[in-house]
Amino acid sequence: MDFILEYYFDFGLMRDQFGPVLEGFWFTVKLSVLAGILSLAWGLVLAVLRQLPGKPLAPVRGLVIAYIDVFRGVPLLLVLLLVSGFLGSAASPVGGELLPRSIGIPEWFGQPSPFWYGVIALTLTYGAYMAEVYRAGIEAVPRGQMEAARSLGMSHGESMRNIIVPQAIRKVIPPLLNDFIALMKDTSLVGFLGLTEVVQAGFNFQSSDFNGSALVLGALLFLAVTIPMARLVDRMISRDQGKTQRGAASDRDSDIQPSGPPATGMAGA
Amino acid sequence: MASQGEPQEADAGGVVISLDNVCKRFGDLEVLKGVSVEISRGEVVCVIGPSGSGKSTLLRCINLLEPPEQGRILLEGQEITGKAAAEGVDFVRRRVGMVFQQFNLFPHKSALENVTIAQEKVLDRDPAEARAKGEELLRRVGMGEKMSEYPDRLSGGQQQRVAIARALAMDPHVMLFDEVTSALDPELVKEVLDVMRELAAEGMTMIVVTHEMQFAREVAKRVVFMDDGLVVETGPPDEVLGNPREERTKQFLGLVLEH
């Protein structure tokens, strides 16, 4: 029993190792935020491309679907290794110096190249996940919204930008946050490339001290961020449900006309 | 003279919209089986008929939400179907306003924003101008007090009046109404019909798909009875509603007017 406690919760070790572990966590946070923002944008681009209308654009839709299928169906670690291996090689004599060194082995803004490989791989993969989330949101907007916008003379693009996407995003903020939590945890894979983020930092201490406290400390740092986010998601969802149940005769539930008195009573001319 | 040729010519005949043998199918279902109708400037035409008769599809064909597969549609003398459909879409949507059964207000925009957004994005009106126009129209439909409300705070009748103002803001030459009172609680129907009466009195060209026979009788210059994808009978409301020639019209009216 004592051994278990000591192995996981040696507070003395935690205190001593807090600095390096926190430094690793700082990498994790930077990587998550940057890759998170880029995935949000890339996912939206994919989702919008997937909704392009008309026969001539079918190849574009097909490509997007293929992309999403591939990146959702392949382990992130594999993508990470392929990205880093290719870029690194392409900038070296091995690959015939296909890429300039500063791009193949990027060290932008003082961050080491594994950091940027991680940003790229995470964005490629989570862009695909988030595209599916956006798509669900876009498809949940009633068809009448697009028809109304088009009937007012807006083009497909204007309708998407002004009418459909703003409504879709509101619907999918909670699932997007869930994806962000998953993304944040997956940043630990960048440790494979030698970046000492929080898990790698903890693992290094575990290997040298035969004690897991630094890893537990890393877990606590994760939880300090992910639990509040999970609660935030819960609150957003329950608030959203409250709204729908109150449901005045809004477009959202256009097929089911709530005939309850609140709808008319509330507005009551 | 030549530069303004098209609208002038169209005005000469007074015909704003003409449909010639319009056909539309969804998969195996033939919804319109060759409909030909002409609508003149300032005319109010009510389209009646059983559900599934193709009334709504007819309206949706006119503004190309559903492009017809066969037949021709001319708007102000210009063909908008067939090869012309690509440019036709813009041409139609700038001239034809539509109001839907389910209102389709934009729920993330206030009543006023609903009325201004397309003015700004499509007609490039500056925000102040769009706002002035929007406020004027909302007052006209009796929604002057509710301009900053969001749709989910409005009753169905109020939403529908905003939707009418939204369509009018684009200065349409023709207004299409697709069963605009069917989703409303009975006590809210009148406020919407009153707005439409007023519009008709001002000389707006209107095509109204409706189940409100009293409204058709009062306001329509002409009633079109459709059944099974075809125009069965058309004429002044007194004739079509009061003294129908066709058996199918009689049957339908018998069912509708019973209660």
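The paragraphs below take the interface, then chain B, then chain A.

This is a predicted model, in which local features need pLDDT of at least 70 and side-chain atom pairs count only at pLDDT 80 or more, while totals for chains, interfaces and linings use all residues. Residues are numbered from 1 along each chain as its sequence is written, chains are lettered from A and ligands numbered from 1 in the order in which they are written, and side-chain values use heavy atoms, with hydrogens and water left out.

The size of an interface is often given as the accessible area lost when the parts come together. Here chain B and chain A bury about 2700 Å² between them, where buried area is the accessible area (1.4 Å probe) lost on putting two parts together, summed over both. Of this area, 55% is on carbon and sulfur atoms. Chain B gives 34 residues to the contact and chain A gives 27 residues, contact meaning heavy atoms within 4.5 Å.

One salt bridge crosses the interface (a side-chain nitrogen of Lys or Arg within 4 Å of a carboxyl oxygen of Asp or Glu). It pairs A:Glu147 with B:Arg60, with the closest N and O atoms 2.5 Å apart. On the side of chain B that touches chain A, the elements that give two or more residues are α3 (85-95), β6 (96-99), α4 (111-121) and α6 (156-168); helices (H or I, at least four residues) and strands (E, at least two) are DSSP runs, numbered from the N terminus. The largest share, four residues, comes from α6(B). By class, this side of chain B has 17 nonpolar, seven polar and 10 charged residues, with Ala, Val, Leu, Ile, Met, Phe, Trp, Tyr, Cys and Pro as nonpolar, Asp, Glu, Lys and Arg as charged, and the others, Gly among them, as polar.

Within chain B, α6(B) also packs on helix α7 (residues 186-201), at an angle of about 20° and with the axes 8 Å apart. Axes are lines fitted to C-alpha atoms, for helices over the stretch in contact, and angles run from 0 to 180 degrees between N-to-C directions. The two helices are therefore roughly parallel (angles under 35 degrees; over 145 is roughly antiparallel, 65 to 115 roughly perpendicular, and the rest oblique). Residues that meet here include B:Ile164 and B:Leu168 in α6(B) and B:Val192 and B:Leu199 in α7(B).

Elsewhere in chain B, B:Arg125 forms a salt bridge with B:Asp171. B:Arg125 lies in the loop between α4 and α5 (127-140) and B:Asp171 in the loop between α6 and β7 (174-178), so the pair ties together parts 46 residues apart in sequence.

In chain A, helix α2 (residues 11-50) and helix α9 (residues 198-209) pack at about 150°, their axes 7 Å apart, and are therefore roughly antiparallel.
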